[in-house]
Amino acid sequence: MELIDNYQPEYVKRFKENNKKCQCQNCLKEGEGYPYVTLTWKNQQRESLSLSCQTAAKEILLNPQAFILHVSSTTMDSIGHDEMTTDIEMLHQMIINHVIDSRTNYKESLYALSILLNKMQRGMVAGALNIDELVVLSSQLSDLISSGDLKKHFSEIPKLQNICQGLLVNIGDIKLELDLPMARKMSFMLKLSELKILSEERLAERLVELESVFSSQNQALSNVDFIFKNFILYKVYHNAFFEMGEGAISGFKELCDELFEIKTLISLYLLDTPDMALEEFSMIISSYYKWKKDNASKRVNPVKNEDTILYGLAVL
């Protein structure tokens, strides 16, 4: 047995203190031990919760302090576990630093990550990946954020409408288990199903409409940017970018897809519920997360590896 670091985020601490027995649909269905998750490597352990638990989702998404880490020590039999290398830890920390940077919104932080990942991808192709070069680039990105140049460059990236429209059609396949009155649930699901049958012209109009709805309501909700940043941090904490190499590249694309889909789901919901509460925001994300886990194997990746980063940026 070896002594290793154990990390407990604030959201786990608060859940343990305040929610001895959650009564959401998924907790009742999953039974003992749910929604607790333990992520284990040879040299560290992380405590977490499943985002598909409605109560856990509130703790993870709605608290700006959710990812404050409490560190302790625990004993672990390291047999059968991989080791987290120094390079992976450094990449992981650079990603977290850019996400939590208060000078950027969630889209700009992802743009910064895309530049890091592009540098990493080019190093892999050349057979000379150097973590120290990524550290230097991360520092340069911080300077660009301070000068305002990163925000300017991101604003100049064109949005590829055909890719967004393709994702919009696929969103019509999503089925969410929402704890809502039947009339509101049916109206929401009909709006989802409608996306499968719209013409290209109507899809383009729908994209503009949903973007407008989200932008206006986002301001009314006193800026929900930290919710999206918390979602990104949750995905990073659970390995979305964890491996050096193509694992990080595909993780970036998947995350951008998910954020586009979540934003679209929220916008569709806002069409009927303009006075949406933050708890409803987290409920939709939680339900989406469960659906995504249950249907991950059925989804198709239409993008070639060399286009993955560009694809991710195109839907932001």
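Strands β2 and β3 (residues 44-49) pair in the antiparallel sense over 6 bridges; two strands count as paired if DSSP finds at least two bridges between them. Helices (H or I, at least four residues) and strands (E, at least two) are DSSP runs, numbered from the N terminus. Within this pair, leucine 39 stands opposite arginine 46 of β3. In general, strands of a sheet pair through backbone hydrogen bonds, either parallel or antiparallel.

The model is predicted: local features need pLDDT of at least 70 and side-chain atom pairs count only at pLDDT 80 or more, while totals for chains, interfaces and linings use all residues. Residues are numbered from 1 along each chain as its sequence is written, and side-chain values use heavy atoms, with hydrogens and water left out.

The pair belongs to an open sheet of 4 strands in the order β2-β3-β1-β4, with mixed pairing. Its edge strands, β2 (36-41) and β4 (69-76), each pair on one side only. Neighbouring strands of the sheet are turned by 25° against each other on average, direction ignored.

Helix α11 (residues 225-237) lies across β1 (2-9), β2, β3 and β4, running at about 140° to β3. Such angles run from 0 to 180 degrees between N-to-C directions, with axes as lines fitted to C-alpha atoms, for helices over the stretch in contact. Contact means heavy atoms within 4.5 Å.

In helix α1 (residues 10-18), Glu10, Tyr11, Val12 and Phe15 are buried, meaning under 20% relative accessible area (1.4 Å probe, protein chains only). The buried residues of α1 pack against β1, β2, β3, α3 (54-61), β4 and α11.

Definitions and conventions
Buried means under 20% relative accessible area, exposed over 50%, partly exposed in between (1.4 Å probe, protein chains only).
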